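Hi everyone, thanks for coming. Let's have a look at today's protein together.

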Amino acid sequence: MENGIDEESGSMLFSEEELIEVSGLKKGGDFVEVTCGCTSHRYGDAVGKLRVFSNGDLEITCECTPGCNEDKLTPAAFEKHSGRETARKWKNNVWLIVKGKKVPLSKTAFLKYYNQSSKNGNGIHKAHSGRVCHRDEFVCCSRCKKERRFRLRTKEECRIHHDALADVNWKCSDILYDRITCDDDEERASRRVYRGCSRSPTCKGCTSCVCFGCEICRFTDCSCQTCIDFIRNADA
């Protein structure tokens, strides 16, 4: 357990055999990071960093050029961003470097948590409709008026966003999991459209990524009206 989040440690997600000679390997609190890429016949290789989380989430930070600021991309969005001609086959088009060679993601062990999550309907990330929910959300700083991204994949992350949204005096320095100050630039508009929807990378809100209340984003110890209504309806 790290920072109160009861998730599998990055060092325990994969066996040593599964990680042998994988380029760019880094183990975090609840994720494993490796070097990845996608090849376009026209533009060449776009390289990035893939993070694999124990809940099945996959996030890519693009490093195609020194000035590229695209991060937290889904593999499908990264595939499209790279200019790959035959898109929508990201499992085969996105590759890792294993023993010095490019290996399709589908032929590695790094999709096992994603596949388990898909098979189980993403487990706890299901709304009452049974569909995936909890896209990234933004909260405006009361001081600099810049909007900051909140990742909502776990109950802990949902609570952090929930409390920040309810605090009229919330400010950038209150973010616990990232070192952001009011001096840092706000995300570009072209980046903010990527909210983590599994159906469409640039979705503006649908039943696959918008939750109207579940056990992950509602809290029994909170007295706000949305939590009270959810608990009341759940007990009914």
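Predicted model: local features only at pLDDT ≥ 70, side-chain atom pairs only at ≥ 80, totals over all residues.

Residues are numbered from 1 along each chain as its sequence is written, and side-chain values use heavy atoms, with hydrogens and water left out.

The protein chain has six helices and eight strands; these are DSSP runs, with helices being H or I of at least four residues and strands being E of at least two, numbered from the N terminus. Reading from the N terminus, the order is β-β-β-β-α-α-β-β-α-β-β-α-α-α.

Of the 236 residues, 41% count as buried, meaning under 20% relative accessible area with a 1.4 Å probe, protein chains only, whereas exposed means over 50% and partly exposed is in between.

Now, where does Asp-185 sit? Look in the loop between α4 (155–166) and α5 (189–192). Asp-185 is exposed, at a relative accessible area of 68%.

Next, please find Glu-215 in the loop between α5 and α6 (225–235). Is Glu-215 buried or exposed? Glu-215 counts as exposed, because its relative accessibility is 64%. Leaving aside residues up to four places away in sequence, Glu-215 touches Lys-155 and Phe-230, where contact means heavy atoms within 4.5 Å. Glu-215 and Phe-230 are 15 residues apart along the chain, and 8.8 Å separates their C-alpha atoms.
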